[in-house]
Amino acid sequence: MDGMTFSADTQWPQADALVYDDAVRARVDHLYERVKDVITPMEWPKFAPLIDGILRLKEQRGATILAHNYMTPEIFNCVGDITGDSLKLAQVAAEAEEDVIVQAGVHFMAETAKILSPNKTVLIPDMEAGCSLAASITGEDVQRIKAAYPDLPIVTYVNTSADVKAYADICCTSSNAVQVVEAVAAQWGVDTVIMIPDEYLAKNVAAQTDIKILTWKGSCEVHEQFTPEDIEDLRAAHPDAVILTHPECPPEVMAKADFAGSTGAMAGYVKDHSPKKAILITECSMSDNVAVENPGVQFVKPCNLCPHMKRITLTGIYEALRDLKHEVTVDPVIAAKARASLQAMLDLPKADKPPHFDTGRDAVAVPYVAV
Ligand code: SF4
């Protein structure tokens, strides 16, 4: 198409019919300056027409795009309105004024946005964008745990389905997990909390608190791949680098790092300390996105890609906005219960900046729930 002079009633073209013409250049080439260190000049002509189409459609639809830290840099930096970790996205989704939310992230994040904003249209560019943690447990499993441990609160990681959130007592993220565990234990007057479904996050939290924890056998297929030997090899190859890990990694990996925290905490550390060289032990795109914000820092990228996050593409976002398709819905009864679990988390005092995990703590035994 020539010129791309669309208006509200113009038929938008198929994604593969968009072209990188002078009009597109004039509208979006200024964005390339921001991402030029992580997107090559050869890639930009492919991305630019889609970015242009998305930005214009977004305005036409009254939409906002929530982009998780694990999105590729052309999504995160060029079309995301709100960017960050899952806690930040959940909080912003609750306050969004726009009628349409596009979740550039995986399905449980879109469900969370819908639960917190039930009157809005929530779209996800690919319905198959799942998560190994969310797939590891069901609402029925949580009901069985509740029946077996009626006196213990159940904390669920937000990386779970609406069903799981509905039957848990409170949600947490990797950013506020320690705070949530301690707060719910105090509220219930107990010294033990059930934390599902990520066994590694549960073990890492247990090392930070006196509260005893029972957990579930779930894990993130991206972070569980990292080994202590990986960290030793990276340390030997890059002795001048700061190594940062995500608490979904096994505790033995976190023990060998210099810093551990949520994606938001990692980004904050790099911004505050401006290390000469940094290694982020997490999903691959995170390094690119933190690099854009910190051009003076050199990043070594031990890349583990999340196949679910990588299902979200500019083409998928464009088509979801163009056709208002892939709407995420949640049963209203389940949504009301899940909202209570999320709200219990959101009602806790907010930290000024995401807290980090102390990497020097001894490992603590964390049994699985017996159900
Ligand atoms: S990185 Fe891990 S926790 Fe995040 S969506 Fe992918 S599989 Fe799930």
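**Close-up views of a predicted model**

**View 1. His 326 is buried, with 20 other C-beta atoms within 10 Å.** A residue is called buried if 20 or more other C-beta atoms, placed from the backbone, lie within 10 Å of its own, exposed if 12 or fewer do, and partly exposed in between. The model is predicted: local features need pLDDT of at least 70, side-chain atom pairs count only at pLDDT 80 or more, and totals for chains, interfaces and linings use all residues. Residues are numbered from 1 along each chain as its sequence is written. His 326 lies in the loop between α15 and α16; helices (H or I, at least four residues) and strands (E, at least two) are DSSP runs numbered from the N terminus. The phi of His 326 is near 65°, a positive value in a residue other than glycine. Leu 324 belongs to the loop between α15 (314–323) and α16, and its phi is also positive, at about 45°, although Leu 324 is not a glycine. Why does Leu 324 count as partly exposed? Leu 324 has 15 other C-beta atoms within 10 Å. For comparison, most residues other than glycine have a negative phi.

**View 2. Helix α6 packs against helix α16.** The axes of α6 (residues 107–116) and α16 (residues 332–346) are 9 Å apart and form an angle of about 95°. Helix α6 is therefore roughly perpendicular to α16, a term for angles of 65 to 115 degrees (under 35 is roughly parallel, over 145 roughly antiparallel and the rest oblique). Axes are lines fitted to C-alpha atoms, for helices over the stretch in contact, and angles run from 0 to 180 degrees between N-to-C directions. On the α6 side, Thr 112, Ile 115 and Leu 116 take part, and on the α16 side Ala 335, Ala 338, Arg 339 and Leu 342. Residues are in contact if their C-beta atoms, placed from the backbone, lie within 7 Å. By class, this contact of α6 with α16 holds 5 nonpolar residues, 1 polar and 1 charged. Here Ala, Val, Leu, Ile, Met, Phe, Trp, Tyr, Cys and Pro count as nonpolar, Asp, Glu, Lys and Arg as charged, and the others, Gly among them, as polar.

**View 3. Four strands form an open sheet in the order β2-β1-β3-β4, with parallel pairing.** The edge strands β2 (82–84) and β4 each pair on one side only. Neighbouring strands of the sheet are turned by 20° against each other on average, direction ignored. Helix α5 (residues 86–95) packs on the sheet and touches β1, β2 and β3; the direction of α5 makes about 165° with that of β1. Strands pair if DSSP finds at least two bridges between them. Strand β1 (residues 63–68) pairs with β3 in the parallel sense over 5 bridges, and Leu 66 has Gln 103 of β3 as its bridge partner. On β4 (residues 121–123), β3 has a parallel pairing over 3 bridges, with Val 122 of β4 as the bridge partner of Ile 101.

**View 4. Strand β3 is covered on both faces.** How many of the residues of β3 (100–104) are buried? The count is 5 of 5. Val 100, Val 102 and Ala 104 lie on one side, and Ile 101 and Gln 103 on the other. In a regular strand the side chains alternate between the two faces of the sheet.

**View 5. Thr 173 is found in the loop between β6 (170–172) and α9 (177–188).** Thr 173 counts as buried because it has 22 C-beta neighbours inside 10 Å. Neighbours within four places in sequence aside, Thr 173 is in contact with Asp 85, Ser 86, Leu 87, Val 158 and Ser 262.

**View 6. The peptide bond from Ile 196 to Pro 197 is cis.** Its omega is near -10°. Pro 197 is found in the loop between β7 (192–196) and α10 (199–206). Most peptide bonds are trans.

**View 7. Helix α13 (residues 263–273) contains several buried residues.** These are Thr 263, Gly 264, Ala 265, Met 266, Ala 267, Tyr 269 and Val 270. Ser 274 follows α13 and has a positive phi, near 40°.

Note on methods
Two residues are in contact if their C-beta atoms, placed from the backbone, lie within 7 Å.
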